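Biologist: Please show me the model, and let us then go through the terms that are used to describe it.

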Amino acid sequence: MVSPILLIAVPLGLAFAVLLVGFISRKLVKYVPVLAMAFNLVVSLLLLPRALTEPIIVRTGSWGPPFSIHLVAGPLGLLLASLVALIGLMVAVYGTDYIREGATRMYHVLYILLLTGATGIVLTGDIFNLFVFFEILCISSYALVAYRGDKAGIESAAKYLIQGAIGSSLALIGIGLLYGMFGTLSMADIARNISSVSPLTVFASMAFLVTGFGVEAAIFPLNAWLPDAHSSAPSSISAILSGIAIKAGIYTVARVLFTLYGAESVLLFVAILGLVTLLIGEMSAFSQNNIKRLLAYSSIGQVGLIVFALGMASVTGVTGALFLIVSHCLAKSVLFLSAGYMIHRTGSMEISSLDGMGQRMPLSSLCFTVGAFSLIGLPPFIGFAGKFTVIQAAVEQAGSFFTVLMAIALVGTVIEGAYFFRIVQRLYFKPQSQGSPGETKGRQEAPVSALIPIVVLAVMIVATGVYPKLLSMVLKPAATDLLNKADYIRHVLGG
Amino acid sequence: MRFLYEYAHYAGCFALVFIGLYIVLVKHNLIKVIIGIGLIDTGVNLFLVTTGYIRAGTAPVFSRLAEKPEQMVDPVPQALVLTAIVIGVSVLALALSLAIRLYGRYGTLDLRKIKELKW
C-alpha cells in the first residue's frame with residue numbers, strides 16, 4: 001500500500017540528495033533525476049486504478065481535512081502526476097547527455113524541484129499549499145531558463161521572473177481574501193461555503209486568483225514572457241516548460257474556476273479569451289524564423305485551444321481539453337527534444353538551416369514530423385482524437401454559438417498546418433545548403449540517450465492515436481472529477 | 001470616521017501593493033523594478049496578517065487561564081506570511097543575482113537598452 005505523498009516526498013528528498021551524490025561521484029549525479037522520475041511514474045501508475053474508483057485522501061499530521069494540509073489524489077490529479085513523471089523521465093534521460101556545460105549538479109537539483117512542484121500542484125487539496133508548490137515550480141523554472149548564462153537566457157529569465165513574481169503576489173492576495181471570508185484554506189471547505197456569500201464578494205478573489213495563476217498558464221494578455229523564456233532555455237527545459245509548467249498553470253486555473261467557485265457565468269469569457277489566445281499564438285508562430293520561438297508560439301496557440309475547450313464546461317468539452325493536454329505534452333516534448341539536437345548539429349536556430357535534415361538525422365526528423373502532424377491533428381496521431389473530441393463537444397453544446405467559435409478556432413489549425421508543413425517540407429525535400437564550410441555530409445544522428453526518449457514519446461503518440469480508448473477510459477473520470485464539485489467536496493470532507 | 005478606523009490597515013496594505021505595481025510598470029531601472037516587487041510582497045504579507053488581526057489581541061498561547069480564545073489573533077495567517085516571506089526573499093535573491101549577471105553582459109541596468117528579445 002503506497003501513499004500518494006511519496007510522489008512528492010521522494011523526489012524532494014532526491015533533489016537535495018543530488019548534492020550529496022555529487023560528493024561521491026560526479027558521474028552518478030545525472031542519473032538521480034532519472035531515478036526520481038522512474039519512481040514517480042511507477043507509483044502514480046500503481047495508484048491510478050485505485051483512484052479511478054475513489055479519490056485517495058491523504059491526511060498529514062493525523063488531522064482531518066478541513067484543518068490539515070491534505071492531498072487529494074483523484075483521477076485527474078494522478079493522471080497529470082503520471083504525465084509529469086513520464087515526460088520528466090524522458091527528458092531526464094535526454095538530459096544525461098544533452099546537459100554538459102555549466103553547473104550540471106544545480107541543473108539536476110532544479111530540474112527535480114520543478115517536477116516536484118508540478119506534482120504537488122496537481123495533488124494538493126489546500127489552496128495555500130498549492131501556492132507554495134506553484135512557487136517551487138516557478139522559482140526553479142526562472143533559474144533554469146537562465147541556465148546557459150547567455151544574454152538571451154538571462155534577459156528572458158529576468159522578464160519571466162518579474163511577470164511571474166507579480167502574478168504570484170496577485171494569487172496570494174486572492175488566497176488572503178478567501179481566508180478572510182471563510183477562515184479555511186481547504187479547497188473543498190471553501191467550495192462548500194462559497195455559495196453562502198454573494199457572488200460579487202467572491203468575484204474579487206476569483207479575479208485575483210485567475211489572473212495570478214493565469215500568468216503561468218500563458219492565457220492571452222499574460223503571456224509576454226513565454227516565447228522568450230521557452231526559446232532561450234536549453235531545449236530539455238523548453239520541453240518541460242511547454243509540456244509541464246504551462247499545464248500546471250492551466251490545471252490550477254481550471255481547479256479554481258470549476259471546483260473552488262463553480263463559476264458558470266464567466267466561462268464564456270474564458271472560452272473567448274482562449275480563442276483570442278489561440279489565434280494570436282498561431283498567427284505569431286506563422287511569422288517566426290526561429291524554430292524554438294515558433295514552437296513556443298505554437299504552445300500559446302495550443303493553450304488557447306485547451307482553455308477554449310475548458311470553457312465549454314461539459315464532460316465532453318473537458319475530456320477534449322484533457323486529451324489536448326496529454327497530446328500537447330507528448331507532441332511538444334518530442335518537437336523540442338528533436339529540435340534540440342538539430343540545433344546542436346547546425347549551430348543555428350533558423351528554420352532555413354534545417355534544410356535536408358531528413359537525410360542527416362533521419363530518426364529525429366521522423367519523430368519531429370510525427371510530433372508536428374499530431375499537433376496539427378492529422379488522423380493516425382493522438383492530436384486528432386483530441387481535436388475531434390473538442391469539435392464534438394462544441395457541436396453538442398446548446399445553441400450554435402460554440403459551433404461558430406469552433407469554426408474560428410479551426411482557422412487556427414489551418415495556420416498551424418501551414419507552418420508545420422513548411423518545416424517538414426524543408427526537412428525532407430530541400431537539399432542541404434552547400435555554402436557553410438566545416439559541415440560534414442552524411443548521417444549525424446543524435447546520441448542514443450536522446451533517441452530513446454524521442455522515439456518512445458513518438459511511439460506513444462502513434463499508439464494512443466490509433467487506440468484512443470487507452471486514454472479516454474482515464475480521461476472521462478478525470479473530467480468528471482474536475483466538473484463535479486459536489487463529489488469532490490463529499491470525498492474530501494466526508495458525509 | 002468609524003469606517004476609516006476599522007479599515008485603515010487594509011487601505012495601507014493595498015496602497016503598498018499599488019505603489020509597488022506603479023514602480024514595476026513605470027521605472028526603467030531593473031533594481032528599482034526589483035524594489036517594486038519587494039514592495040508588492042510586503043503589502044501582500046501585511047494584508048495576510050491583517051486578515052487574522054484582532055484589536056488588542058494576544059498571541060494564541062494559553063499562558064494564563066483567564067485568557068479567552070476570542071481575544072487571540074488567528075495564528076494561521078501568520079504561518080502563511082512566514083512561508084510567503086521566505087518565498088519572497090528567494091525570488092528577490094534570484095532577481096538580484098540575475099540583475100548582476102545582466103549588468104555583466106550588457107553594462108547597463110536600463111531596461112530600455114536591454115531589448116534583444118521582442119515579440
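Modeller: Contact means heavy atoms within 4.5 Å. By that rule, the contact between the chains takes 38 residues from chain A and 36 residues from chain B. This is a predicted model, in which local features need pLDDT of at least 70, side-chain atom pairs count only at pLDDT 80 or more, and totals for chains, interfaces and linings use all residues. Residues are numbered from 1 along each chain as its sequence is written, chains are lettered from A and ligands numbered from 1 in the order in which they are written, and side-chain values use heavy atoms, with hydrogens and water left out.

Biologist: What is the area buried between chain A and chain B?

Modeller: Buried area is the accessible area (1.4 Å probe) that two parts lose on being put together, summed over both. Here that area is about 3,200 Å², with 79% given by carbon and sulfur atoms. In chain A, the residues that lose the most area to chain B are A:Lys151, A:Glu155 and A:Tyr179, together 19% of what that side buries.

Biologist: What makes up the secondary structure of chain B?

Modeller: Helices (H or I, at least four residues) and strands (E, at least two) are DSSP runs, numbered from the N terminus. Chain B has 3 helices and 0 strands.

Biologist: Why is chain B called more spread out than a compact globule?

Modeller: The radius of gyration is taken over C-alpha atoms, and the globule rule is 2.2 Å times the number of residues to the power 0.38. For 119 residues the rule gives 14 Å, whereas chain B has 20 Å, well over that value, so chain B is more spread out than a compact globule. Its C-alpha trace spans about 65 × 35 × 20 Å along the principal axes.
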